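Subject: A structure for you to look at

Hello,

Here is the structure I promised to pass on. Have it open while you read, and I will walk you through what turned up.

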Amino acid sequence: MLLQQSSTIRGLGKATELAHVRCIHGAGVRGVRPLRHHAAHERLRRCRIAEVKVESPVTDKNPTTETETSHTADTFSWTKAWYPVAAVENLDAAKPNKVTLLGKDYVLWADAAGQWRCFEDRCPHRLATLSDGLVDKQRGEIVCAYHGWRFQGDGKCTAIPQALDATSAATACASKRSCATALPTAEGAGLLWVWPDLAPTAAADSAATAVPVLPQLQDDKLVPLQGRWMTRDLPYSWDFFVENVMDPTHVDFAHHGVAGFDATKFVTQDLRLHQDRGPAGFVYQVVPSDPHKRGSYIHFNPPSLVTLQPGPDPEPRPQQRKSRGADDARPGSEDPNVLSGLIFYIAPTKPGWCRLHGTSWVADRAMQPLKTASLFTNAMPTWVKHILGFEFFAGDDVFLGAAAKKYVAEGGDWRKSYYTPTRADAAIVAMRKWMENHAGGGIPFPEHMQGASTVLANLNLTPRQAMDRYSQHVQHCSHCKAALSKTQAVAAAALATAVAALAAACLAASVRATAALSPAAVPGWLLGVAGAGGQLFGLAGPLLLLGLAAAGVHVVAKKLEGLFHYREFTRPAF
Ligand code: FES
Ligand SMILES: [Fe+2]
């Protein structure tokens, strides 16, 4: 079963033992490492040189039975890799931040120098969650809130308040068993990356492996459409979301009526293997059957990166030709002067769930920022782009979690459960084969999480829960959180204004009416309070209008507030 591999098979049994004794002192841990443009470029350049180009025939063979992967002997290690765990702009340096990766909880925290550290979310004393502790910014330490033990950035314990004297405290702190387990971290393209390996070689291995940040991400101007990153915890298994973004022919149907996609204008696309990188993934060329439409290239760089790019290289290059053709491809646009691409970093968090960091970029043919796109970017707040992103996601949401549940319930065998007779599914089949041939058949979640029952339990969600925007995104997004609290403040202020204005209008109108009919019946003090000596009686009309306008603002603000939580999806017919 794909999702039920024993972690011991992949050597994690040993790694788990190491977790109890491992402690990295001093230089053993690399801290946050700002990624330099040339480092990523050099890594990708080397990657291109090492790749073997494989052209597949233009036939509609059944990709279920066609073997397109040649590096069957090579293996991919899920733990010896960089994973993006959070957008740095969304982390709170004043406190511990909890994240989950490969079924394990981690705590991210910033030390005195502002470097982001990642520890296993367990205190070595008695397993309290460090993510519920405190950060001592001045001393650059994380503090377990259960008994007050303190840890510095490399995991070393610096204080045990229960020790009776300094000597016994020093002895206990010198023990490796007193240390928190620190993982290598790096910062690149606005994301925090973690190397979730507990082997003694983790520091050296991670230092020798470049963070997979694409060159176009080095320039903020090329990623304008969705803000820097759209982060979302998705209630679908990692493999199901990877399939989804490798599947260009679902878009016109699943997203019909959104962002210009139209199922009635669907043009099928042929997926041709362009490069087989063995354990390092593959590249597929997407060729529309309509010669007037342009295709693209799907890049799969495991474990987390999937891109839809205009060209076959990881780094899009300036394009000189104006003619149209399959190699001159631009996803999502027919303007011959516009290049664009989609970038998805997808990290498996727990069985049935993954975390997406997605963005898109637009440039002219010389790979320079587009002025019109920049205007669009600057004009639209990031939170609006994120809300619109949810509207787009909704077309897939209803399918993927349910499909992931069926998949494990049916035994987790894609050959048995899928019927994929066209080459439109070729990249999905290639990914499934990559999992089998290079990646141990599945994600090495901890042993106690193995099995279909964990996936089914984690995906046992109501439609409302499966599409809950707040828990999956807003609570982690600095832009949306700020917009939500402003919206709530506007709603509350508008409600208070409406109540006060309508009450004042009613009072003024009733006092005026009473005074006109029977002046003696209105006490003098009421005339003073309600009408400021009678002068405000004439304001009953304007107060009424103000009250109604404020009530309208309140209703709109509450509707907007709702969009940060949930919106029922209605699929337009096609
Ligand atoms: S459990 Fe953390 S200090 Fe005791
Ligand atoms: Fe957001």
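Two strands count as paired if DSSP finds at least two bridges between them. Strands themselves are DSSP runs of E with at least two residues, helices are runs of H or I with at least four, and both are numbered from the N terminus.

Before the details, some ground rules: this is a predicted model, in which local features need pLDDT of at least 70 and side-chain atom pairs count only at pLDDT 80 or more, while totals for chains, interfaces and linings use all residues. Residues are numbered from 1 along each chain as its sequence is written, chains are lettered from A and ligands numbered from 1 in the order in which they are written, and side-chain values use heavy atoms, with hydrogens and water left out.

Let's start with the strands. Strand β1 (residues 83–87) pairs with β11 in the antiparallel sense, over four bridges, and Ala-87 stands opposite Leu-191 of β11. Strand β10 (residues 185–188) also runs antiparallel to β11, again with four bridges; here Glu-187 has Leu-192 as its bridge partner. β10 and β11 make a hairpin with two residues between them, and Ala-189 in the turn has a positive phi of about 55°. In β11 (residues 191–194), Leu-191 and Trp-193 point one way, Leu-192 and Val-194 point the other way, and all are buried. Buried means under 20% relative accessible area, exposed means over 50%, and partly exposed lies in between (1.4 Å probe, protein chains only).

Elsewhere, an open antiparallel sheet of four strands has the order β5-β6-β7-β8. Its edge strands, β5 (134–136) and β8 (157–159), each pair on one side only. Between β6 (residues 141–143) and β7 (residues 150–151) there are two antiparallel bridges, and Val-143 has Arg-150 in β7 as its bridge partner.

Which residues touch the most other members of the largest nonpolar core? They are Leu-108, Trp-238, Phe-241, Phe-282 and Ile-346, in a core of 65 residues. (A nonpolar core is a set of buried Ala, Val, Leu, Ile, Met, Phe, Trp, Tyr and Cys residues joined through side-chain atoms within 4.5 Å.) Helix α10 (residues 426–438) gives the most to this core, with seven residues. At least three core residues come from each of domain 1 (82–202) and domain 2 (215–466), with bounds from an automatic or database domain assignment. A second, separate core has 20 residues, including Ala-189 and Leu-305.

Trp-238 and Phe-241 also belong to helix α5. This helix (residues 238–245) is mostly covered, with eight of its eight residues buried.

Finally, is Ala-573 buried or exposed? Ala-573 counts as exposed because its relative accessibility is 72%. This residue sits in the segment after α16 (540–563). Ala-573 lies 317 residues from His-256 in sequence, but their C-alpha atoms are 8.2 Å apart in space.

Enjoy exploring!
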